[in-house]
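Please find below a colleague's note on this structure, written as numbered points.

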Amino acid sequence: MRFRQLASSLDMYRKVPVDLLEGTKRGSFISLGALFLMISLFLLETISFFTSSFLQTDVSLDLNRDPKLRVNINITMMDMRCDYATVDVVSPLGTSLNVTTHLSKYALDAEGVRQRYKGRNFEQHDIILSDSLVQNSIEELHENGEDAVSLDAESFERAKKEATYLFIDFYASWCSHCKDLAPTWEVLAETMTEAAMELVDEAFHESNEEGGHGDYSKEEYDEALKVKLPVMVAKVDCVVHKDLCFQNQIWAYPTLRLFINGQPVADYRGDRTVLEMVHWLAHVEEQHKTQLGEEQFNVLLADEIAREHLQITETREDMLKGPARENMQHPEWAERMRRHRVRQNAMDWKDEEHPGCQISGFLLVDRVPGNFHIQARSLHHDIDAKLTNVSHEVHHLSFGDPGVKRTIERLKFVTPKGFEETLSPLDGNVYVNHNHHEAFHHYLKVVTTDFQDPFLKKSRSRFSRQDGVRAYQVLSSSQLSFYRSDIVPEAKFSYDPSPIAVYHRRSYRKRWYDYIASLMAIIGGTFTVIGMIENTIQATISKKKR
C-alpha cells in the first residue's frame, strides 16, 4: 500500500481530464507552426549527423607485405646521349646493372625536342668491334710505315683545310676497344692510300697518252696522293692531346668522326669492319658530290681494293641488297635493312648540339633501403665517364600506383591539405651541374599511406571500398655532391621505406547516442518553448478582457 502511494506521488505524467481542456484556433495555428519547426530541425540535425565529418590520422607499423615497390620515373638527362645513359639499381638484396625492362629512352636534341624515331626499350645492339679478316697485328702493319696519320692540334687544323673528307679515330691508349680497332683502322688507311696511288697512276698514264712526258718527283707524287686521296684516315690520341679532344667534345673512345670541308658532319656507329666503313664513306661521298653536281666517286675504288685485299667475292651491291628471298617476302623490311647498313651507321652531329636523353617508365625495386642512379656507360665504347655532365630534370618521380591521385579523387577520400604534392615532390625540378666532378643526390623517405582504419579487423573491412588503395608520400631532400677526379659522377636517387605507415580516414563528429539525444532535445525544447509563448499570449489577452 505504501509503495503504491509512493509510486503515485512520483508520477511525472499526470492526466488532465478532457472536459477541462479547451481548444482554440490560435492554439491550432501555433501547434502547426511548432510541428513545422520540429520537422525542420529534425531534418537539419539528420543531415548534419551524416555529413559532419573530419580527417582523422593514425600511425601504426606498416602492414604492407608487398615484396616489391614500384618507382615511376620520367627524367631527362640534359647532356648525355641515350647511347651512354644507363640506369642501375642497388640494394642490400642485390645490384641490377643497365636496367632496361619497363624503361624507354628518347633521344633529345640541343633544344630538348624529342627525335622522330620511336622511343623503345633501349638495349644496345651488338656491333662488330673489329674486322676479323684483318689478321696482321698493328706492329706488322706498321713495318712498311703508318698510313693512318697521327694528328696533334696544329696538324689537325691543317688536315681539316687540306682534306675534303677527313675520317678521324679519337682514341685513348688505355682503351681496350681502341686497341682492337687499331689494325682495322690501319688497313682502312692503307686501302685509301692504295686507291689514291691507282688514281695518280691512272692520271699519269692519261697524261703521257695525251703527249705529256717526264715523271713525278717524290714530292710531286706525295702531293698528288694527297689530292687524289679519297678519304684522309687519321687518328688522335686523347691521352696526349686532351685539350684537342675536349674542344671536339669527345667523351667516349673510340669516336669515329667524319669531317667534310673542315666541318664535322657525322659520327660512325656501325660495324667496325673495313668494308662496312668503306660502304658508309662511299654513301656519304655520293650524297655530298651529287649535291655539288660531281660524278666521280673515288671511294668506290677504295671499296674494290678493300674487297681484293680481304678476298671477298661478294659485290657491294649484293651486300647492300641482302638475300633475294628476304627482298621477295619482306620488301619493306629489306629496304629498311639496306638503309640501316648504309645510312643509319651514323647520327647527324652539329657543333652546337648537346644531345640529351629522356628516360621514362618504371622500376620494380625491393622494399628495402637502396638507390637507383643514372650514369654514363657503354658496351661498345670506353668512355671517359669521369667528365660526363649529369645535369637532369625530373618531370615525374613517384612510388606505387601512378593512377592513385585519380582514384583518391574518384572515391572522394579525405586527405590533408597539400597531400597530392607530397606524392611527387620533385616533379618539375631542374638540377644543373655547372662544373665537372659534381652531381646532385636526392634522398627520399617513402611513407606508406592507407585509407582504412588500421585497428579494424580484416573480416570487418574486407569489402571496404578503401581496400587496394595505397599511396606513398615522399619526404625529399637534395644536395650537390662533389667527386674526386677519378670517380664517375651519377644522378643518384636514394630511397628508404619507412617502417611506420600513415592512415587517413573519415571520422564523424557525433555518435549515434548524440544524435538521439539531439532529436529528443529538439522535440522537447520546441514543445516547451512554444508552450511558454502560447501561455504568455493567453495571459496577456485574459488580462486585457478583465
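The points below concern a predicted model and take up ring contacts, a surface patch and some backbone features.

1. The structure contains eleven aromatic pairs. In one of them, the ring centres of Trp174 and Tyr253 are 5.7 Å apart and the ring planes stand at 90°, so this pair is edge-to-face. Because Trp174 belongs to the loop between strand 7 (165-171) and helix 5 (176-209), while Tyr253 belongs to strand 9 (residues 252-253), the pair ties together parts that are 79 residues apart in sequence. As to accessibility, Trp174 is partly exposed, at 47% relative accessibility, whereas Tyr253 is buried, at 5%.

2. Another edge-to-face pair is made by Phe419 and Phe451, whose ring centres are 6.0 Å apart and whose planes are at 80°. Phe419 sits in helix 14 (residues 419-423) and Phe451 in the loop between strand 18 (438-450) and strand 19 (470-482), so that this contact ties together parts 32 residues apart in sequence. Phe419 is buried, with 3% relative accessible area, and Phe451 also counts as buried, at 2%.

3. Two further ring arrangements deserve a look. Phe167, Trp185, Tyr268 and Trp280 together form one aromatic cluster. Elsewhere, Arg70 is placed over the face of Phe362, at a distance of 3.8 Å from the ring centre.

4. On the surface, a nonpolar patch is formed by Leu35, Ile39, Phe42 and Leu43, which together have about 360 Å² of accessible area. One of these residues, Ile39, is part of helix 2 (residues 25-51) and is partly exposed, with a relative accessible area of 45%.

5. Turning to the backbone, most residues other than glycine have a negative phi, and most peptide bonds are trans. Against that background, the peptide bond from Tyr253 to Pro254 is cis, with omega near -10°.

6. Positive phi values are found at residues including His102 and Asn261, neither of which is glycine. For His102, phi is near 70°; this residue lies in the loop between strand 4 (94-96) and strand 5 (103-108) and is partly exposed, at 41% relative accessible area. For Asn261, phi is near 55°, and Asn261 is located in the loop between strand 10 and strand 11 (263-268).

Conventions
Residues numbered from 1 in each chain as written. Predicted model: local features only at pLDDT ≥ 70, side-chain atom pairs only at ≥ 80, totals over all residues. Heavy atoms only, no water. Phe/Tyr/Trp six-rings, centres within 6.5 Å; stacked < 30°, edge-to-face > 60°. Helix = DSSP H or I, 4+ residues; strand = E, 2+ residues; numbered from the N terminus. Buried < 20%, exposed > 50% of the residue type's maximum accessible area, 1.4 Å probe, protein only. Lys NZ or Arg CZ within 6 Å of the ring centre and 35° of its normal. Patch = residues over 30% accessible without salt bridge, like charges linked within 9 Å, V, L, I, M, F, W, Y side chains within 5 Å. Areas by Shrake-Rupley, 256 points an atom, 1.4 Å probe, with all protein chains shown as cover. Salt bridge = Lys/Arg side-chain N within 4 Å of Asp/Glu carboxyl O.
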